[in-house]
Amino acid sequence: MRLDSGGLIDRTRPLGFAFDMVGVRGYAGDTVASALLAKGVRLVGRSFKYHRPRGIMTAGPEEPNALIEVREGSQRTPNVRATVQEAFDGLDVRSQNAWPSLGFDLMAVNDVLAPFFGAGFYYKTFMWPPAWWERVYEPLIRRAAGLGRLSGQHDEGRCEKAWAFCDLLVIGAGPAGLAAALAAAHAGADVILAEQDFRLGGRLLADRQEVAGMPAAEWVAATQAELAALPNVRLMPRTAVFGAYDDGVFGALERVGLHLADPPADLPRECVWRIVARQAILAAGALERPVAFPGNDRPGVMLASAVRAYANRWAVAAGRAVAVFTTCDSGRAAAEDLVAAGVNVVQVIDARADASAICSAPLLRGAVVTATRGRRGLRAIRLRDPGGPERWIEADCLAVAGGWTPTVHLACHRNNRPLWREDIAAFVPAPGAVPGMTAAGAVNGHATTAACLADGQAAARAALDALGRRAPDLALPPAEDGPRSARPLWAVDAPGRAWLDFANDVTTKDVRLAAAEGYASVEHMKRYTTQGMAPDQGRNSNLGALAVLAQATGQTIPGTGTTTYRPPFVPVPIAALGAGGRGKGFAPERLPASHAASLARGAPMLEAGLWYRPAWFPRPGEATWRDSCDREVAMVRGAVGVCDVSTLGKIDIQGPDAGRLLDLVYTGTFSTLPVGRVRYGLMLREDGFVMDDGTSARLAPDHFVMTTTTAAAGQVMRHLEFVTQGLRPDLDVRVISVTEQWAQMAAAGPLARRLVASVLDGPLDLGFMGCAAVGVMGVPGRVFRISFSGEEGYEIAVPAGRGAALFRDLCARAETLGGGPYGLEALNVLRIEKGFVTHAEINGRVTAFDLGLQGMCKAGDFIGKAAAARPGLTGPAREQLVGLCPADPATAIGAGAHLFAPGARIHRETDEGHVTSACYSPTLGSHIGLGFLRDGRARVGQEVRLVDHLRKVDVPCLVTSPVFHDPEGGRMRG
Amino acid sequence: MRIPCPLCGPRDRREFTYMGADDFLRRPAADAPAEAWDAYLHLRDNPAGATRDLWFHEAGCQAWIVVSRDTVTHEIAGAALAGEGRDAT
Ligand SMILES: [Zn+2]
């Protein structure tokens, strides 16, 4: 029911939204919860286990009951708290966890069966048969204990990730946070003030009080304006700090577009911030706690602080006849506020017999609530007071004040435990728990506004000290003060189910049962009862459950301990954590210079890491990829082919000791390589296995350029940097990646020389494995005579920007010679025919010996030499690189097939090797493969049995040399 | 986690690639006994407390650095360039 006046709502801006298809009216400044309460909606959800009716209990993000889904279609967002979601025109809100509808919930049968559904029910009941778990129990439990529904569609909503840096992060903008931010801001520090609410002020908005002689909300507005005017202050409302991490890093979630009726398309829904703060002040406040008494879960039973906030901030009476049940002075203050706001307070029940007798409403002292009544919402409460027998009184709202629990979570994220304070019956942050973070205000156990303002300012002074700044001389504004009395009452001693965890339906009986069954440790009790494991993460129930457990086990509360506080403090959508990491954001595209030209020729693309490389270049009349591939192979063997090899890693190595560096990282010797020559190199890891292979060309006495495989470019670069910086800083040499700076085109085939000569400015006079700096059609470039195909081959390097033009030109010229471009498939066939290895063979478990390249290992030291000589890494027991030809040349064989001795039982214990690469060789007119076979080099000419269970191939193969084509290398050398 | 790169200043750990203990900086001589190579390649302490390990500022300045940190408190005591830190113990 909306009160006639007051509240921080804009009555000139009415709005309307839908709750389960029913229209609800509100005003700008309303949350969904405040508008629902104003309309008199009491039933907003169902509990998970018993499907009991649930109403709004709180006025903040700690809400355990009022979880809703907002928006529809791919934008549907479940598990939003109605107490956090700002109402706007046209918002579509649905209740959740009720089936088929909120009013009529079939699953409420669980409540009737409640005696069978005690703590540990799932563990005890759904035990047998095991096979039923996946098919029966789990879907059943999920259906019954369902949270919101996902849309099932691809989430098109945008989220963002961002960084922020500051001298001081103030977490929470209540009185302590505002006072701290003000002091630090005036000292010139860069301040970020983060507040989870859409409005700064905290309790100053919810309680009727004055600060600096004006209504508290006015003081908040003035302070906010003062802060906003300072260039060194960043105000971040709607931003919940969810984690305190190492080295002053904080995670925060900002609601950016969730509260807007019509957000701009490019506005993110939410943003995950990583805030790096030199100092931080935790002014997260405290949460009021409920009292466990029978029937305390009925809609209409709310926290007194929430009823007070709805009256003062939103001008909403949460009921027509409100009773207040309190164990502390703040509940009494709430009652006074309600009366002043015009709410009908029918009864104040103070559990303390010695509490103040001054009250603006009928007062009972030393009394408790022992039961409630009302099917879908509260209608009456039963009172027990020392003066007479228990009796019922009518009330449709019961405001419960059980004392305050400081919000210590962030102070405990570094695996610290909070400290117990007996005087306020609560845990507070341990000083210094998070380095650089100071707690201030209600989170420190302070109960009055004056104390919170003073504590906030003191915390700022300490932070400024640490930052080396002088604190300004700011007077504290006068505010409400005075002693506060509170007496904990965790659970009323009365028969019936008394709830602790409202979302997960955990009662005091469940906790006592856990203790009785031996789950007496708080961590065990939590898991056994599921207390604290609902979306509110036990914020309303942890301390109460702990107190009941302590009582049941005869221990003290601090002796019983607390569960571990872990980030995130608020739920963080995966979509927000992974913002920017979807689709191409997850795997960006790397495109070689020839990409557009390849697409123009209709080439399908293959992904090689992040690179996109043309697979083949189809021509009219070619029906399958094999037609194109076979033609391209024949073209290279018979005329000339052009291939963009820019994706290979290219590393520029310069300095007087460049040769010595290469001697260390390659198995071969490079310091003796003459200028103008290229050498093949094999690179080992220090453990003796092959890391990569490639070539290095000597352009000048102190200048080499190394190529790596596409896949290992990053790894090799890291390795070279490690060797030069870490192992041999004495070497005068520098390395830098130039992969992006140079485009490189391969031309291969008997006509390659003619093709390459036609684009060079000077004569082409290179022997096999020669290199030179040359002009390429007026551009300074390089040419290397190397071959990955077994034919006479050249690679021309030009600055990356010229690569596209060079590729087009080479292709056009090649076509006049009967050649053309070839793709990755043909490249692969060409290298298999020639027995050249790639990372299909160099898979991290292969040694130089396995490849038959032990002859390339020099006598002197190189990385991997010592370990490669270990026993077991050489000899006939090793699987060695061989070629494989199926007995029937038309039988396709595939990589991954396994090799067995003829006649052997087919079993993993008799496995003698496997196929690493395979293709159809148009040159040989046969399927061929490369693979590793135990003692393979000694078995050339013998037969093995190839078995491929996946492709259903079982074929005898001839073991051959891995070099199928031109084993003498005459074609390559020209 | 913020790592103080000696060249770039404190940077987020996502900019760095982790390698392992800084033992890798003390490569045995080529003719060292097999036991020395075994220790170098395979034997690592697993301290609860102070440790020194190698990080590569791959998304930054490409420096290999030795970071001194505490595995219990996560506190980072400092960082040095690998070439300067290799002789320290
Ligand atoms: Zn750096």
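Modeller: What follows goes through the zinc site and then turns to one helix.

The model is predicted, so local features need a pLDDT of at least 70 and side-chain atom pairs count only at pLDDT 80 or more, while totals for chains, interfaces and linings use all residues. Residues are numbered from 1 along each chain as its sequence is written, chains are lettered from A and ligands numbered from 1 in the order in which they are written, and side-chain values use heavy atoms, with hydrogens and water left out.

The zinc ion has protein donors in chain B, namely the SG atoms of B:C5, B:C8 and B:C61 together with ND1 of B:H57, and these lie 2.1 to 2.3 Å from the ion. A donor here is an N, O or S atom within 2.8 Å of the metal (3.2 Å for Na, K and Ca), and since water is not among the atoms, sites may look incomplete. Seen from the zinc ion, the four donor atoms subtend angles of 104 to 115°, which makes the arrangement tetrahedral, a word used for four donors if all angles lie between 85 and 135 degrees. Ideal angles for four tetrahedral donors are 109.5 degrees.

Along the sequence, the donor residues follow the spacing C-x2-C-x48-H-x3-C. B:C8 sits in the loop between β1 (2-5) and β2 (9-12) of chain B, whereas B:C61 sits in the loop between β4 (50-56) and β5 (64-70) of chain B, so this pair ties together parts that are 53 residues apart in sequence. Strands (E, at least two residues) and helices (H or I, at least four) are DSSP runs, numbered from the N terminus. B:C8, at 34% relative accessibility, counts as partly exposed, and B:C61, at 29%, also counts as partly exposed; buried means under 20% relative accessible area, exposed over 50%, and partly exposed in between (1.4 Å probe, protein chains only).

After α21(A) comes A:G818, whose phi is positive, near 85°.

Terms used: The expected span of a helix is 1.5 Å times one less than its number of residues. Four donors count as tetrahedral if all angles lie between 85 and 135 degrees; four count as square planar and six as octahedral if opposite donors are over 155 degrees apart and all others between 65 and 115; anything else is irregular.
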